Amino acid sequence: MSILVYIEHADGSVKKTSLEAVSYGKALSERTSAGEVIALALGTISDEELARVGSAGASKVLHVADEKLNAGVIQAHADAVGQVYKQIGAETLVLAKSSLGDAVAARLAVKLDAGLVSNVAELPETADGYKVKRSIYTGKAFAETTVSKNHKILAIKKNAVDLKTDGADASVEKVDISIDASNFAAKITSTDKAEGEILLPEADIVVSGGRGMKGPENWGMIENLAKELGAATGCSKPVSDIGWRPHHEHVGQTGVKVAPTLYVAVGISGAIQHLAGVNSSKCIVVINKDPEAPFFKAADYGIVGDAFEVLPKLTEAVKAI
Ligand code: FAD
């Protein structure tokens with residue numbers, strides 16, 4: 001018996017969320033009889049980078065290096081993970097909650113007749129590792145869920161697990177499986193990513209602007225701070241509705257839900273629908289000229305002031321560090 005952890009990677013690096021999933025798997029294996037933690041990576045990535053997964057708790061890393069898996073076609077990934085899962089006789093699959101992770105998990109739950117819990121937010125405290133706490137109502141509450149099926153799939157919420165990377169490097173083993181691309185209903189023919197752009201759903205730091213920024217011509221100030229912090233940019237719904245910013249930057253209940261280590265909100269009132277997308281952030285900094293703005297109630301740090309004065313000073317201060 002073992003725990004298989006599906007690893008996502010981008011631009012040659014294993015994603016932090018996948019290392020968190022490995023840490024979760026490790027804690028699960030220590031508290032239960034779920035077995036050793038084996039990680040699985042698909043597509044092109046170096047052995048050196050994969051060995052690093054051992055530091056988060058994997059005893060070994062399996063690697064299906066088939067280039068057909070590079071495009072991230074969901075069907076292909078679900079097929080490959082399912083094959084390896086069966087080959088090693090695993091009973092638990094752990095992965096990061098992400099758009100790819102969710103899609104792979106859902107397909108495999110059907111294929112394996114597995115119990116699936118998504119948005120898992122806490123480590124199991126008892127030997128009953130399958131009584132898991134998951135985050136519900138956009139992070140406002142927790143639900144305790146018991147997984148009773150033999151096969152279990154747990155999708156781990158970003159930033160919810162303490163990432164431990166003090167273990168040794170793991171050995172990397174190549175695995176050959178047959179992947180029949182002609183079976184796949186979808187094929188990715190090209191991808192278009194702006195050079196250097198940090199994707200909002202995966203960003204560790206987000207700088208977001210609201211209607212208080214007055215117009216798209218002022219967004220350079222948001223972008224400058226984001227650049228200094230190595231952050232992605234986001235916005236409130238009205239800002240993308242008016243067309244000041246693209247829709248994929250819209251954060252909130254009806255937009256992207258983020259869980260960064262740091263969320264900086266500039267000129268955003270803090271309406272409940274916006275908060276629903278950010279309240280899993282580890283630290284929230286609010287800049288607003290109205291001391292009564294509701295966002296201050298959710299903030300860890302607040303600056304009452306005019307964004308047009310505060311932003312350039314803050315950017316300079318960050319630059320000076
Ligand atoms: P405003 O409410 O206009 O607030 C602007 C803020 O900027 C104010 O607090 C003001 O004090 C401050 N400000 C003004 N000038 C300055 C300055 N110079 N310096 C500093 N601060 C300044 N909204 C979302 O964001 N995401 C969602 O997903 C979402 N989903 C929704 C779903 C539904 C069904 C509904 C009904 C609404 C939804 N909304 C959503 C809209 C939400 O209710 C708010 O209307 C919206 O979040 C307000 O955006 P805002 O804070 O940018 O603008």
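## Helix 3 and helix 4

In this predicted model, Ile74, His77, Ala78, Asp79, Val81, Gly82, Tyr85 and Lys86 of helix 3 meet Leu100, Ala103, Val104, Arg107, Leu108, Lys111 and Leu112 of helix 4, where contact means heavy atoms within 4.5 Å. Helices (H or I, at least four residues) and strands (E, at least two) are DSSP runs numbered from the N terminus. By class, the residues of this contact divide into 9 nonpolar, 2 polar and 4 charged. Ala, Val, Leu, Ile, Met, Phe, Trp, Tyr, Cys and Pro count as nonpolar, Asp, Glu, Lys and Arg as charged, and the others, Gly among them, as polar.

The axes of helix 3 and helix 4 come within 9 Å and cross at roughly 55°; axes are lines fitted to C-alpha atoms, for helices over the stretch in contact, with angles from 0 to 180 degrees between N-to-C directions. Helix 3 and helix 4 are therefore oblique to each other. Angles under 35 degrees count as roughly parallel, over 145 as roughly antiparallel, 65 to 115 as roughly perpendicular and the rest as oblique. Helix 3 passes helix 4 in a right-handed crossing: a crossing is right-handed if the near helix is turned clockwise from the far one by less than a right angle, and left-handed if anticlockwise.

## Helix 5 and helix 9

Helix 5 (residues 219-229) and helix 9 (residues 307-320) have axes that come within 9 Å and cross at roughly 20°, so the two helices are roughly parallel. The crossing of helix 5 past helix 9 is left-handed. On the helix 5 side the contact is made by Met221, Ile222, Asn224, Leu225, Glu228 and Leu229, and on the helix 9 side by Phe308, Leu311, Pro312, Leu314, Thr315, Val318 and Lys319. This contact has 9 nonpolar, 2 polar and 2 charged residues.

## Nonpolar cores

The largest nonpolar core has 31 residues, and Leu4, Val64, Val81 and Leu93 have the most contacts inside it. Such a core is a set of buried Ala, Val, Leu, Ile, Met, Phe, Trp, Tyr and Cys residues joined through side-chain atoms within 4.5 Å. Buried means under 20% relative accessible area, exposed over 50%, and partly exposed in between (1.4 Å probe, protein chains only). At least two residues of this core come from each of strand 1 (2-7), strand 4 (36-42), strand 5 (60-64), helix 3 (74-87), strand 6 (92-96), helix 4 (99-112) and strand 10 (152-156). Another core, of 29 residues, lies apart from it and includes Tyr24, Ala39, Ala41 and Ile45.

Leaving aside neighbours within four places in sequence, Leu93 is in contact with Leu4, Tyr6, Val81, Tyr85, Leu108, Lys152, Ile153 and Leu154.

## Buried residues

Ile156 lies in strand 10 and counts as buried, at 2% relative accessibility. Not counting residues up to four places away in sequence, Ile156 touches Ala21, Tyr24, Val94, Leu95, Ala96, Lys97, Val120 and Val161. Ile156 and Glu122 are 34 residues apart in sequence and 8.5 Å apart in space, C-alpha to C-alpha.

Glu20, in helix 1 (residues 16-31), is buried at 2% relative accessibility. Beyond residues up to four places away in sequence, Glu20 touches Lys157, Lys158, Asn159, Val161 and Leu163. Glu8 lies in the loop between strand 1 and strand 2 (9-10) and is buried, with a relative accessible area of 6%.

## Basis

Residues are numbered from 1 along each chain as its sequence is written. Local features of this predicted model need pLDDT of at least 70, and side-chain atom pairs count only at pLDDT 80 or more, while totals for chains, interfaces and linings use all residues; side-chain values use heavy atoms, with hydrogens and water left out.
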